[in-house]
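Here are some notes for a colleague going through the model.

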Amino acid sequence: MADPQPHAHPHRHWRWAVGLSVALHLAAVGLIIQASNQALRDRAPPKENPVLTMVVPPAEPPPAEPPSVPPASVPPPAPVPTPALPKPRVPEPAAAPQPGRAFMDAPPAPSAQEWALAATYTLKNSKRYRHNWGQQVRSLMGIAHEGPVQGTVRFRIEIAPDGSLARLDTLWTTSDLVEQRARQAVQAMPPLPPTPNGKPLIFEKNIVFDAWTTEAPPLYKNDCLPDPPQHGNRFLWDGRSPRGPAADEAVTEKLDPQAYAECLKQLPQDSIEAEAADDERQQAQWGSQKLGR
């Protein structure tokens, strides 16, 4: 009886063995070659980028130009001096009053029109001229602040017929600084007009420099009336001079109606401030406790 599975051919197994061996050798050779290439790459030094160095020679300076010499026959023009411009005058800032301190602004100085009217007013020893003089001095003294630099000074003044100052005497003062300031203001006064009667004008004047007092304008409505008689001590006598009439015998001057009417025509109109100041003086005078003594 024949065998159902025929025997395999012996050469068929040999071929499979040879093929497998060749494949294994090829794989081993490939791994060896790959390892050798990797080792060579690790040992090789890294490539460096080449650096190019260029040497540039320094630039030569341009040749200096010869200085231009003007011809000897033509002298160089002389420089024209520039005129110096005057520096603008910066006004001095006004002294600002300190907070919490009382102060009094300086009154305005009399205008040219007021001085012109004062130069023609002859009544009561040139009352208008004397008032303007005091206002001019006080205006030049500036702002009065509360504190030690304040006070009053009384001057005896003599004005020459041409309006210039002939004499200035201090009768009394409550502050040497105020007196000095008032004298500086008198020296800085502008030229004054001639006196009203063309004679030397002699009078006394108080200059008050404080933070509360302001001089009121004078009252003119009574200037045409004669001065009241001066009463003094009737028994006063030096023993040598002849005796004159007693003070009680002084008689009030009588008014000429026509002269009085002409005098009233030149009186200026009184201001409200002058009327109020006169009322205040009378109230203080008649309300004084010294009247009952």
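1. Helices (H or I, at least four residues) and strands (E, at least two) are DSSP runs, numbered from the N terminus. The model is predicted: local features need pLDDT of at least 70, side-chain atom pairs count only at pLDDT 80 or more, and totals for chains, interfaces and linings use all residues. Residues are numbered from 1 along each chain as its sequence is written, and side-chain values use heavy atoms, with hydrogens and water left out.

2. Overall make-up. The protein chain has 6 helices and 5 strands, arranged along the sequence as α-β-α-α-β-β-β-α-β-α-α. Of its 293 residues, 23% are buried (buried means under 20% relative accessible area, exposed over 50%, partly exposed in between, with a 1.4 Å probe and protein chains only). The chain exposes about 23700 Å², and carbon and sulfur atoms supply 59% of that area. Accessible areas come from the Shrake-Rupley method with a 1.4 Å probe; for residues, only the protein chains shown count as cover.

3. Contacts along the chain. Contact means heavy atoms within 4.5 Å. If contacts between residues at least 6 apart in sequence are taken, 78% of them join residues at least 24 apart.

4. Three strands form an open sheet: 3 strands in the order 4-3-5, with antiparallel pairing. Two strands pair if DSSP finds at least two bridges between them. At the edges are strand 4 (165-173) and strand 5 (201-209), each of which pairs on one side only. On average, neighbouring strands of this sheet are turned by 25° against each other, direction ignored. Axes are lines fitted to C-alpha atoms, for helices over the stretch in contact, and angles run from 0 to 180 degrees between N-to-C directions.

5. Strand pairs. Strand 3 (residues 151-159) is joined to strand 5 by 9 bridges in the antiparallel sense. Thr 152 stands opposite Val 208 of strand 5, and Arg 156 has Glu 204 of strand 5 as its bridge partner. Strand 3 and strand 4 also run antiparallel, with 7 bridges between them; here Ile 157 is the bridge partner of Leu 168 in strand 4. The hairpin of strand 3 and strand 4 has 5 residues between the strands, and in it Gly 163 takes a positive phi near 95°.

6. Which residues of strand 5 lie on its covered face, and which on its uncovered one? Leu 201, Phe 203, Lys 205, Ile 207 and Phe 209 are on the covered face, while Ile 202, Glu 204, Asn 206 and Val 208 are on the uncovered face. Note that Lys 205 is listed on the covered face.

7. Helix 3 and the sheet. Helix 3 (residues 123-141) lies across strand 3, strand 4 and strand 5, and runs at about 35° to strand 5. Asn 125 is in helix 3 and has a positive phi near 55°, though it is a residue other than glycine. With a relative accessible area of 41%, Asn 125 is partly exposed. Ser 126 is also in helix 3, and has a positive phi of about 55° although it is not a glycine. Ser 126 counts as buried because its relative accessibility is 2%.

8. Helix 3 against helix 4. The axes of helix 3 and helix 4 (residues 176-187) come within 8 Å and cross at roughly 110°. Helix 3 is therefore roughly perpendicular to helix 4 (angles under 35 degrees count as roughly parallel, over 145 as roughly antiparallel, 65 to 115 as roughly perpendicular and the rest as oblique). Trp 133, Val 137, Leu 140 and Met 141 of helix 3 make the contact with Val 178, Arg 181, Ala 182, Ala 185 and Val 186 of helix 4.

9. Thr 195. This residue is in the loop between helix 4 and strand 5. Thr 195 counts as buried because its relative accessibility is 5%. Leaving aside neighbours within four places in sequence, Thr 195 is in contact with Ala 119, Tyr 129, Ile 159, Ala 160, Pro 161 and Leu 201.
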